[in-house]
Amino acid sequence: AVVSTQSGHYCRGPSGSLHWDIGFSYVYPQIHPGLALDKDADNNIFIENGIKKVCEDLDTLEHAYLDNEKLWLLGPRTVADVTVACVVVVLQLVRFDFKMWPKVIEWLARVRELPNWAEVHQFHDEVVQQIRDSGE
């Protein structure tokens with residue numbers, strides 16, 4: 001899909017669609033005031049629709065990719081794993097519970113074991129820990 005922005009047009013590929021659903025349709029409106037709708041009721045409806053998209057995306061990841069042994073997500077870790085995982089972990093910023101997607105949990109754990117993952121995601125992990133510790 002091509003999305004129009006003030007700065008022009010850009011095309012969303014598969015990871016772009018995932019980022020749009022997870023980030024712009026669900027997480028960012030909850031944590032970034034500049035990306036929330038003006039009215040709380042409208043923003044809540046937007047987020048409710050966003051969570052539906054996120055669940056559909058995670059269902060697809062769980063059943064279309066992680067159930068199929070022949071697909072890239074189960075073999076040696078690739079840039080595709082890292083790209084998708086970087087988008088999926090954004091859900092941690094709103095205390096998202098992945099329990100309905102056990103294969104996604106297992107896959108994320110394997111990706112997190114990759115060299116340099118911890119170093120690259122140190123700030124993200126610190127923010128997620130602060131969120132957990134705050135109890136909000």
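Biologist: Why is arginine 95 called partly exposed in this predicted model?

Modeller: Arginine 95 has a relative accessibility of 37%, and since the class partly exposed lies between under 20% for buried and over 50% for exposed, arginine 95 counts as partly exposed.

Biologist: What makes the phi of arginine 95 worth a remark, and where does arginine 95 lie?

Modeller: Its phi is positive, about 55°, although arginine 95 is not a glycine, and most residues other than glycine have a negative phi. Arginine 95 is placed in the loop between α3 and α4.

Biologist: Why is asparagine 116 called exposed?

Modeller: The relative accessible area of asparagine 116 is 52%, and the cut-off for exposed is over 50%, so asparagine 116 belongs to the exposed class. Asparagine 116 sits in the loop between α4 and α5 (117–120), and its phi, near 75°, is likewise positive in a residue other than glycine.

Biologist: Which residues have the most contacts inside the largest nonpolar core, and how many residues does this core have?

Modeller: The core has 29 residues, and those with the most contacts inside it are Ile22, Val27, Leu58, Val88, Leu91, Val104 and Trp107. At least two residues of this core come from each of α1 (14–31), α2 (40–65), α3 (79–88), α4 (102–112) and α6 (122–134), with the largest share, five residues, supplied by α1.

Biologist: What does leucine 58 touch, leaving aside residues up to four places away in sequence?

Modeller: With contact taken as heavy atoms within 4.5 Å, leucine 58 touches Val88, Leu91, Phe96, Phe98, Trp101 and Val104.

How values were computed. Residues numbered from 1 in each chain as written. Predicted model: local features only at pLDDT ≥ 70, side-chain atom pairs only at ≥ 80, totals over all residues. Heavy atoms only, no water. Core = buried A, V, L, I, M, F, W, Y, C linked by side-chain atoms within 4.5 Å. Buried < 20%, exposed > 50% of the residue type's maximum accessible area, 1.4 Å probe, protein only. Helix = DSSP H or I, 4+ residues; strand = E, 2+ residues; numbered from the N terminus.
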